Amino acid sequence: MTDQMGITPRRVLQGSIALGGLTIAAPLAPALGAEEILKWGPGLTTPSTVAGPFYPLLSKPVDRDADLTVISGRKDRAKGPVVHVMGRVLNLKGDPVKGVQVEIWQANAAGRYDHPVDPNPAPLDPNFQGYGVVVTDAEGRYRFKTIKPGGYPLTQSSYRAPHIHFELTGRMDRHITQMWFPGELLNSQDQLFTVLSPRAQQKVTCKLEAPTGSMEPESQIALWDIVIPNG
Ligand SMILES: [Fe+2]
């Protein structure tokens, strides 16, 4: 069985990377082969989506490293299930792209953004960083440790499913997208998800794996490769 990127679970490799001060031995998804990308045909980058209103445009947190589960100077960690989000940034030729800035921002476990325009009455989590930024390594890899975001109401009758926003800034491309989680009940009510074709939905959905090595036993690995046009 292969995931949306043509990667079989058995092909997940053990490795160790250091990004944004976070160094943990972990499984790493191999890059897609060029032939795997080319057979998809043209225009098959990871689908772009809107940035939404909650990007921390005016004030990014002082702590913006790759571990969103703790804020420096605080002893407690963020509430919610830990997820190690990782993968590679690739171009349409299937080459890993190094030096791409990868930003993520997301709601906390209760579905609330630490942003002044978020109308959700759900509580803030003072220990959740909410935003992080790393740069891909020589093999195009990125990695964050975060918590699984909660879904949240968009209107009185519609919801956003759990998702993490991504913005990638390379030398040639700026790419804004979102990552969804597989099997979420709210996916079928999320209009940004349901508007996508089934194939596109696969491309924006991560693959969840069991934790390994020194990871928390209850945590999960979310594997997600991102394809941008050039890099
Ligand atoms: Fe969002």
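Arg88 is buried (under 20% relative accessible area, where exposed means over 50% and partly exposed in between, with a 1.4 Å probe and protein chains only), its own relative accessible area being 9%. This is a predicted model, in which local features need pLDDT of at least 70 and side-chain atom pairs count only at pLDDT 80 or more, while totals for chains, interfaces and linings use all residues. Residues are numbered from 1 along each chain as its sequence is written, and side-chain values use heavy atoms, with hydrogens and water left out.

**Arg88 and its partner**
- Arg88 and Glu139 form a salt bridge (a side-chain nitrogen of Lys or Arg within 4 Å of a carboxyl oxygen of Asp or Glu), with an N to O distance of 3.3 Å.
- Because Arg88 belongs to strand 3 and Glu139 to the loop between strand 5 and strand 6, the pair ties together parts that are 51 residues apart in sequence; strands are DSSP runs of E with at least two residues, and helices are runs of H or I with at least four, numbered from the N terminus.
- Glu139 is partly exposed, at a relative accessible area of 37%.

**Other salt bridges**
- Arg160 and Asp190 pair with their closest N and O atoms 3.0 Å apart, linking strand 8 to the loop between strand 10 and helix 2 across 30 residues.
- Both Arg160 and Asp190 are buried.

**Total**
- By the salt-bridge rule, the count comes to 9.
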